[in-house]
Amino acid sequence: MPIYNAPLADMKFILNDVFNAEQFWQANENLAHVDAATAEAILEEMAKFAQNVTLPLNRTGDEEGAKIENGNVTTPAGFKEAFKQYAEGGWIGLGADAEWGGQEMPKMLTVLSDEMLFATNPSFMLYPLLSVGAGMALNSYASQEQKETYLPKIYSGEWSGTMCLTEPHAGTDLGIIKTKAERNQDGTYNITGTKIFITGGDHDLAENIIHLVLAKTPDAPAGSRGISLFIVPKFIVNADGSLGERNPAGPGSIEHKMGIKASATCVMNFDGAKGYLVGKENEGLAAMFVMMNYERLSMGIQGLGASEFAYQNAAQYATDRLQGRSATGIQSPNKPADSILVHGDVRRMLLNARANNEASRAFAVYVGQQLDITKFSNDAEAVKKANDRVALLTPIAKAYLTDTAFNATLDAQMVFGGHGYIREWGMEQCIRDLRISQIYEGTNGVQSQDLIGRKTIKCGGAFIAEYIQEIRDFANGLDADLNFIKDATLDAATEVESVTQYIIEAAKENIDFPNAAAVDYLHAVGLLSFSYMFAKIAKAASAKEGDFYSNKVSLALYFVQRVLPELALRITKVKAGAEVVMNFSEDYFTSQA
């Protein structure tokens, strides 16, 4: 049976020591209701829920899966009761506005509570996650009447939400969607079309499902400029808030997937379903991007959760598994063999995962802090700066955190040897469930193109320049006893700065260059970001006494010596250019000659 113990000490260290969260919250009048004691109590309660409720349902949910019969989807045994308990605990509205029944907790905190759910049951987590995202989009763009109708019910868990973008022929290129929205005289619209890969498109967890659907009106402009957003409820909501007739919007089938099998991923058919316009016609994509950007950070958290789960199980296995003897001599003379922890390669794999978890968690909280500034600060200049930082770091939070988490989880599986391939240990499910995080909400390749194109080249490198300056300012303030991380971080900043300018210039000469260099550039910026996080971790830990803190400084040293050198490789690959990639003819890829 897989284990999981919520890393509460690490989480509290990140909040309290690395980011001085309470001071940050108390300095903002809109967050003054949050203090360290409240935050810790929330994390401790979520740990209990994750360990006692969602973890036991993870494997059984995977084995049973979501099922469809007569157009209705049912979730695995135990999910409905767990969702009810989750909703009644106020968790869906943890970060939502009080006006709609939420608790207005900061994102710095909710990323950590989300991590625990993703670690213990990613399929379950996706149901409330989509509701929260839908709520954010509605809160930003819906009318007051729409907010009053839908948001309290969504945040209470009575209703849930979805995001309906993708169509069979249109994935990333939303401008070519075919779903139609025809106006009715009463101001509503008839929505007709098919959407695929819809998470939580149908289920038995809530009494109504509020679909947010992208569609085009008959006279809409071509491309993405002609996309509108509509509320399409599973059941029509009457004027008094009660539920009326069933809308002709429902699942045609559910996908048979590699992982997250307990999450109902539906093909959704809209057959003249009644829809309600959100905002203005042809301006729907902006509203949906509010939801998508939230989901992209959440996918990074999914990666972190899986990596933490995998690490904990691999570390426990390595401790218990007796095999071979240490190269330096017998370490456990009273046992037939030493634990495999005496072997350097096993330690390498575990340390890779542990370093990823520590840096990823700090980075997630850092991005969460930027989001809190954009939402709660009254300082216009600070809000603009934070918005720019979020724009830069969102693709990194999604792509780099899931790429590194997948590699860390593979390392953790390898610690088990053959047992890592066997179902009972939980590693193969962990890997299957995690793989999707690199694919949905925009593949990691698309995230890389966003970073190098829109967030770097388009602004002449302004966003990354501001970020690098912040990193330099922090590193230069480190004490001499942390020179190892100070020097490494400053060197990495200079290297990323240099390759950024190289990219901007090369893109002027070759239009294919950015696309070919995108993934390696994102990983380069990701490595710099992790070095920055370890600099913050080392500074906070060096001011404390005890093994818990000294081990964090040692892990920072491991990162510098065994992980950060990858930066040179990534930069070399960026500078290799696009020609070696693009010079092959299209026929080459299908030719057998």
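Leaving aside neighbours within four places in sequence, Gln429 is in contact with Asn58, Arg59 and Asp62, where contact means heavy atoms within 4.5 Å. The model is a predicted one, in which local features need pLDDT of at least 70, side-chain atom pairs count only at pLDDT 80 or more, and totals for chains, interfaces and linings use all residues. Residues are numbered from 1 along each chain as its sequence is written, and side-chain values use heavy atoms, with hydrogens and water left out.

Gln429 lies in helix α11; helices (H or I, at least four residues) and strands (E, at least two) are DSSP runs numbered from the N terminus. With a relative accessibility of 7%, Gln429 counts as buried. Buried means under 20% relative accessible area, exposed means over 50%, and partly exposed covers what is in between, using a 1.4 Å probe and protein chains only.

Asp62, one of the contacts of Gln429, forms a salt bridge with Arg432, and the closest N and O atoms are 2.9 Å apart. Asp62 belongs to helix α3 and Arg432 to helix α11, so the pair ties together parts that are 370 residues apart in sequence. Both ends count as buried: Asp62 has 6% relative accessibility and Arg432 has 14%. A salt bridge here is a side-chain nitrogen of Lys or Arg within 4 Å of a carboxyl oxygen of Asp or Glu. Asp62 and Arg432 are also members of a network of salt bridges that links them with Arg59, Glu63, Arg423 and Glu428.

Rolling a probe the size of a water molecule over the atoms shows where empty space is left. For a cavity, the points of a 1 Å grid over the protein atoms alone are kept where a 1.4 Å probe fits but cannot get out, and lining residues have an atom within 4 Å of a point. Grid points are joined across faces, edges and corners, and a volume is the space filled by probe spheres set on the points. A search of the whole structure on these terms finds 2 cavities of 30 Å³ or more.

The largest cavity holds about 90 Å³ of space. Its lining consists of Asn58, Phe118, Ala119, Pro122, Gln302, Ala306, Phe309, Gln429, Cys430, Asp433 and Leu434. The elements that give two or more residues to this lining are α5 (107-120), α8 (284-320) and α11 (427-435). The largest share, 4 residues, comes from α11. By class, the lining has 7 nonpolar, 3 polar and 1 charged residues; Ala, Val, Leu, Ile, Met, Phe, Trp, Tyr, Cys and Pro count as nonpolar, Asp, Glu, Lys and Arg as charged, and the others, Gly among them, as polar.

The second largest cavity has a volume of about 70 Å³. Met1, Pro2, Leu55, Asn58, Arg59, Phe309, Gly426 and Gln429 line the second largest cavity. Helix α3 (residues 36-64) gives the most to this lining, with 3 residues. The residues divide into 4 nonpolar, 3 polar and 1 charged.

Lys544 is partly exposed, at 39% relative accessibility. Another salt bridge connects the side chains of Arg570 and Glu566 (2.8 Å, N to O). These two are 4 residues apart in helix α17 (residues 566-575), and are therefore separated by about one helical turn. Arg570 is buried, with a relative accessible area of 14%, whereas Glu566 counts as partly exposed at 26%.

The largest nonpolar core has 190 residues, and Met116 and Phe363 have the most contacts inside it. Such a core is a set of buried Ala, Val, Leu, Ile, Met, Phe, Trp, Tyr and Cys residues joined through side-chain atoms within 4.5 Å. Helix α15 (residues 513-542) supplies the largest share of this core, 18 residues. Not counting residues up to four places away in sequence, Phe363 touches Leu393, Ile396, Ala397, Leu401, Tyr467, Ser529, Phe530 and Met533.

Key: On a 1 Å grid over the protein atoms alone, a cavity is a set of points where a 1.4 Å probe fits but cannot get out, and a pocket is an open set with protein on both sides within 12 Å along at least five of seven lines; lining residues have an atom within 4 Å of a point.
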